[in-house]
Amino acid sequence: MHSIKTILGFLLTLMVLVLTTVVYVNQKIDKVMDSRLKVGTTYMTMNNPFYQIINAEIEKVITEKGGTVYTRDPALNSQKQVEQIQYFIDHSMDVIILNPVKSDDPATHRMVKKAEKSGIKVIVVDSQLSSSVKTTSTIVSDNYQAGVLLAENLLSKRDNAKILLLEHRDAVSGNQRIQGFVDRISKDAHYHIVGREESLGQTEVAMPAVESFLNDSQSFDVVMALNDLAAIGAVAALDKHDVKESVLVYGVDGSPDMKSLLDTTDSVAATVAQSPITMGHQAARLSLRAAKGKAVPSKVVVPVELITKNNIDRYDLKGWQ
């Protein structure tokens, strides 16, 4: 009996030792893999603080683990972005984090498929590709809901409206926001879309687009912009033309500049807060998991919130959420 207890005690001790060794070795392997991790990031443009914040959060998490982030800026040029993805493939990145210049671009689709086929994990952020293009994961805000929230705010403020839309037609995320807004107001015949202008989501493009609309003496009293940069361009155009009538300007992002305008002026009506910090952290976390062959969700949807003068005091005016 004593010898059996001795043997059992020995076996138990051996099992604990083996398990401890396995855990230790796995942790060491994970650390080695993290330290060798190479992540390539390319966004439609780095001339947008939203993507700068996403990338900064990715760099923070990945470099803390000992990995390296290689960032490229295609400057709204889809062919250039295709070349950047090829570069990432040629230099054996473990993960590519992509915000596509054009979500429906066939060349981008082919390159993403090539990357995934070669074993590189592709994570799409703040947009999405065609359902025919398989990626490791997609991380987006609830863009359609963002548009709905802004439409409902408009419905609560005005009994009728003539609306100018500022779009970025190559961006799925922007199209979804505009669609959510349009679907919500279309239920009431007193709200009319009087114009749709391409802005590329850029202040310097939105401003002259709105100026041109004003110069043509076309009347509107609401601007719905796909993002805050375009909304700020609309504000600049209205200010330049000294428009006295009350024009409600809406945007999406919850950027520091837009929150400051909302807090200190009557130039904007509302914005919807996205969280580039959350998006970047999620992208980094999924990159670390996917590179080790661990399962990751195929899609992550980050919630959005309406910001108005009534709740602006809940937000950091100088930073992102």
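**Exercise 1. Work out how many aromatic pairs the chain has, and classify Tyr 87 with Phe 88**.

Start with the count: the rule gives five aromatic pairs. The rule itself takes rings of Phe, Tyr and Trp (its six-membered ring) whose centres lie within 6.5 Å, and it calls planes under 30 degrees apart stacked, over 60 edge-to-face and the rest tilted. Next, take Tyr 87 and Phe 88: their ring centres are 6.1 Å apart and their planes sit at 70°, so this pair is edge-to-face.

Before going on, a word on the model: it is predicted, so local features need pLDDT of at least 70 and side-chain atom pairs count only at pLDDT 80 or more, while totals for chains, interfaces and linings use all residues. Residues are numbered from 1 along each chain as its sequence is written, and side-chain values use heavy atoms, with hydrogens and water left out.

Now check accessibility, where buried means under 20% relative accessible area, exposed over 50%, and partly exposed in between (1.4 Å probe, protein chains only). Tyr 87 comes out at 31%, partly exposed, whereas Phe 88 is buried at 0%. Finally, look for a cluster: Tyr 43, Phe 50, Tyr 51 and Trp 320 form one.

**Exercise 2. Find the largest cavity and describe its lining**.

First, the terms. On a 1 Å grid over the protein atoms alone, a cavity is a set of points where a 1.4 Å probe fits but cannot get out; a pocket is an open set with protein on both sides within 12 Å along at least five of seven lines; and lining residues have an atom within 4 Å of a point. Points are joined across faces, edges and corners, and a volume is the space filled by probe spheres set on them.

Step one is the count: there is one cavity of 30 Å³ or more. The largest cavity holds about 120 Å³ of space. Of its 16 lining residues, Asn 48, Tyr 51, Asp 126, Arg 177 and Asn 227 are the closest to the centre. Helix H2 (49–64) and helix H6 (172–185) are the elements that give two or more residues to this lining; helices (H or I, at least four residues) and strands (E, at least two) are DSSP runs, numbered from the N terminus.

Step two is domains, with bounds from an automatic or database assignment. Domain 2 (37–139 + 276–301) and domain 3 (143–275 + 308–314) each supply at least three residues to the cavity lining.
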